[in-house]
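Okay, everyone, thanks for coming. Let me put the model up and then walk you through a strand and the cores.

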Amino acid sequence: MMESINGLGDKSSHSVKAAPVLEDCCAHAAHCRLHQLHRGQVVDATFHSFSADRIVLHVGPGSNSAMQPECLCCVAFPHQQSLYAFLGCVHKVRDVNGIMEVHFDLPTTLIATNLRRYYRVPVAPVIPRSTLELSLQMPDATMLSVEVLNLSESGAEVNLRSVDDSLPVGTEIQLELQFRDDRIELPAVVRRQHLSRRGLEFALQPCLEARPRLATLQRIVRSVEQVWLKSRKE
């Protein structure tokens with residue numbers, strides 16, 4: 001998502017050599033996300049193998065992705081304390097025992113940025129909808145409760161639970177987010193749309209008056225992150 005919340009944490013991004021990071025990710029079968037730019041679809045995947053000129057990812061059974069050779073993708077993934085990404089075209093796709101194997105040419109560099117600001121913490125199904133509540137104000141001023149799929153300090157992905165064209169890309173909305181004892185109201189913009197899903201960018205302006213709300217948002221994201229990390233260890 002585009003950045004709109006500034007002034008808290010490290011905002012810088014930089015390039016790093018790709019090979020050492022990707023080799024380690026393959027060794028640990030690390031998770032990543034494939035953003036298909038032509039379709040606006042996001043697919044979960046894992047790093048599988050690494051060679052001098054190729055990186056191979058696995059997309060598990062049940063994915064409805066129609067990945068094709070030459071499909072332009074952004075591959076994003078967390079590693080240690082940073083979020084990394086590279087842009088590339090799919091070199092080859094093949095089915096191996098029901099698992100989709102996706103090949104990319106090995107990138108020379110990766111873009112790295114601070115993980116805690118931009119990596120979207122998975123919410124569903126780890127955290128019940130009744131615990132993390134997000135309501136958005138529709139263009140007609142009615143409030144709609146939605147399912148939060150993932151959350152970061154810069155935005156969220158939500159599911160409207162039905163295909164609804166009333167929130168197209170570019171729509172400015174107001175949100176109400178509540179988790180445990182924390183509650184915050186903040187503006188947002190719809191940045192991505194796919195069927196019933198919406199990618200929302202938070203639009204708080206970096207000013208002195210916004211700092212309490214920014215701090216509350218950070219606290220909510222950190223609390224959600226702790227619940228998610230605990231669930232992975234169990």
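So, strand β7, residues 99-105: five of its seven residues are buried, so the strand is largely enclosed by the rest of the structure. Buried here means under 20% relative accessible area, with exposed over 50% and partly exposed in between, using a 1.4 Å probe and protein chains only. Strands are DSSP runs of E, at least two residues, and helices are H or I runs of at least four, numbered from the N terminus.

Quick caveats: this is a predicted model, so to speak of local features we need pLDDT of at least 70, side-chain atom pairs count only at pLDDT 80 or more, and totals for chains, interfaces and linings use all residues. Numbering starts from 1 along each chain as its sequence is written, and side-chain values use heavy atoms, leaving out hydrogens and water.

Who sits beside β7? On pairing, DSSP has to find at least two bridges between two strands. β4 (residues 54-59) runs antiparallel to β7, with six bridges, and Val-59 stands opposite Met-100. β6 (residues 82-96) is antiparallel to β7 too, joined by six bridges, and there Val-93 faces Val-102. Those two make a hairpin with two residues between them, and Asn-97 in the turn has a positive phi of about 55 degrees.

Now the cores: sets of buried Ala, Val, Leu, Ile, Met, Phe, Trp, Tyr and Cys residues joined through side-chain atoms within 4.5 Å. The largest nonpolar core has 32 residues, with Leu-132, Leu-151, Leu-175 and Val-224 making the most contacts inside it. Helix α3 (211-233) is among the elements giving two or more residues, and its six are the largest share. Apart from that core lies another, of 29 residues, including Phe-47 and Val-102.
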